[in-house]
Amino acid sequence: MTESPDTSARTGTFAVKRGLADMLRGGVIMDVVTADQAKIAEDAGAVSVMALERVPADIRRDGGVARMSDPALIEEIQAAVTIPVMAKARIGHFAEAQVLEALRVDYIDESEVLTPADEAHHIDKWPFTVPFVCGATTLGEALRRISEGAAMIRSKGEAGTGNVVEAVRHLRSIVGDIKKLTQADSAEQYGWAKQLGAPIGLVQEIAGSGRLPVPLFCAGGLATPAVVSLVMQLGAEAVFVGSGIFKSEDPARRAAAIVEAAAHFEDAAHVAKVSRGLGEAMRGQELSALSERLADRGW
Amino acid sequence: MSIGVLALQGDVREHLGALAELDVEGRAVRAASDLRGLSGLILPGGESTTLSLLLGSSKLFEPLGEAIASGLVVFGTCAGLVLLANEVHGGRPDQRGFEVLDCSVLRNGYGRQSESFEAAVEVAPALGPEGASMPAVFIRAPLVERVGAGVEVLARAARPSDPEPRAVALRQGRVLASAFHPELTADRRLHRLFLAMVQSAATGCEVGVPVGVA
């Protein structure tokens with residue numbers, strides 16, 4: 001303890017990247033498409049906003065290629081709020097990620113909601129200073145993203161549907177396999193690594209700790225306070241709400257209610273109180289009616 | 001000794017884990033009734049705007065303010081420091097805090113996430129011998145711009161962009177705060193100091209210099 005202090009500051013370390021994800025736990029990250037929506041989200045208590053040109057429900061409706069947002073829009077949103085601002089890059093599109101890093105966004109979502117740019121490779125996220133969040137449907141997918149440098153994992157769910165069934169499937173799969181993995185002996189862990197298609201080091205780490213080495217958040221089809229309580233009781237540490245807020249009848253009230261539900265997810269009386277009279281939720285979609293599943297993008 | 005961690009949002013689990021390492025079972029505080037019988041409370045890292053709103057909507061703001069005024073020992077990290085500071089810049093105009101630590105802080109004063117950093121910070125004698133340091137993780141941290149006369153500076157750090165060493169850990173009476181996140185590293189000196197402050201508040205003694213070992 002007596003050596004002279006090494007005061008050289010290091011940015012972009014894994015501790016710093018995952019640290020911001022830790023600070024967002026218990027909170028709600030909201031998709032916004034304008035600076036005004038970003039203000040509404042911040043006023044309602046969002047811990048962060050995701051700056052987008054179109055919410056997933058509109059991307060679905062409009063079709064075509066979905067790309068990174070206009071930097072001018074991202075900058076407007078950064079100027080409008082004091083909370084962290086995230087933005088999406090296409091799967092494998094490291095140049096979009098470089099642009100977002102140059103814009104000094106706080107987190108990059110390498111997202112299946114946008115049209116993938118590479119059919120074989122996700123972004124190598126280690127060289128970046130900015131942290132990344134990636135979607136996953138299974139534990140193997142989550143661990144592959146972490147091995148590429150993701151500092152936060154979210155369930156993919158099925159974005160833009162207002163239907164939580166896929167997010168629940170993904171969460172149950174990830175959390176369920178983690179539980180099973182903690183029961184595996186050292187020989188069986190190699191079998192798990194092979195079956196999951198994941199590095200043995202990460203598999204061994206999770207077998208010991210019983211949790212992912214980065215925070216696990218939930219996204220995809222969340223639209224009500226009760227759904228937020230559901231996924232957090234299933235093991236999600238925070239939630240992303242996309243179309244669910246600004247496609248509803250009264251976004252400001254719904255946003256505040258969803259923030260309250262995330263903070264008090266174990267208190268059903270509190271969730272009941274904030275759920276009263278919120279107006280109509282987003283219309284939502286039955287999954288069998290979908291022509292394309294966004295969750296199938298990425299591997 | 002009953003210690004709480006404000007559990008509305010943020011890295012609550014890490015603080016509970018740090019307390020457990022020191023053989024103290026922490027209590028998650030989400031409602032005014034959870035404050036009963038507490039002798040110390042940790043305000044964790046998180047988003048200070050969110051925490052401030054949730055303190056109001058959860059009807060915790062006034063009871064917690066009264067508890068601090070009547071001697072509850074508090075320890076705030078990052079967003080927790082923002083909630084305790086007398087003066088906050090760069091926040092929302094309607095953002096409320098407890099105003100019990102005489103200092104002024106600039107929210108996100110070190111910049112955005114790309115400027116978040118880890119470094120070893122120089123510590124004062126209350127936390128270790130001369131020349132000692134402790135590891136510190138700063139996440140969109142508040143920058144302490146002014147420190148009041150009655151406030152003890154427990155740690156300082158300089159940045160390449162700002163060679164002036166700034167106060168990054170502070171103590172005033174029964175209030176302890178840091179701009180960084182001691183709960184994210186394995187160094188438990190600040191949590192130990194907090195527990196020592198709780199202990200001496202209970203026995204009515206002044207806080208002496210605790211054992212400066214991690």
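Here is a short walk through this predicted model, from its confidence to a helix pair and a pocket. Residues are numbered from 1 along each chain as its sequence is written, and chains are lettered from A in the order in which they are written. Because the model is predicted, local features need pLDDT of at least 70, while totals for linings use all residues.

Let us start with confidence. The predictor's confidence in each residue, pLDDT, runs from 0 to 100. Chain A has a mean pLDDT of 94, with 98% of its residues at 70 or more. Over residues 1-6 of chain A, pLDDT stays under 50. Where pLDDT is low, the predicted coordinates should not be read in detail.

Next, look at two helices of chain A, H2 (residues 35-44) and H4 (residues 71-80); helices here are DSSP runs (H or I, at least four residues), numbered from the N terminus. They pack at an angle of about 35°, with axes 9 Å apart; axes are lines fitted to C-alpha atoms over the stretch in contact, and angles run from 0 to 180 degrees between N-to-C directions. In contact (heavy atoms within 4.5 Å), A:Ala35, A:Ala38, A:Lys39 and A:Glu42 of H2(A) meet A:Glu76, A:Ile77 and A:Ala80 of H4(A). These residues divide into 4 nonpolar, no polar and 3 charged, with Ala and Ile counted as nonpolar, and Glu and Lys as charged.

Finally, turn to the largest pocket, which holds about 650 Å³ of space. On a 1 Å grid over the protein atoms alone, a pocket is an open set of points where a 1.4 Å probe fits, with protein on both sides within 12 Å along at least five of seven lines; lining residues have an atom within 4 Å of a point. The volume is the space filled by probe spheres set on the points. Of its 27 lining residues, the closest to the centre are A:Arg25, A:Gly235, A:Ala236, A:Glu237 and B:Arg13.

Note on methods. Predicted model: local features only at pLDDT ≥ 70, side-chain atom pairs only at ≥ 80, totals over all residues. Heavy atoms only, no water.
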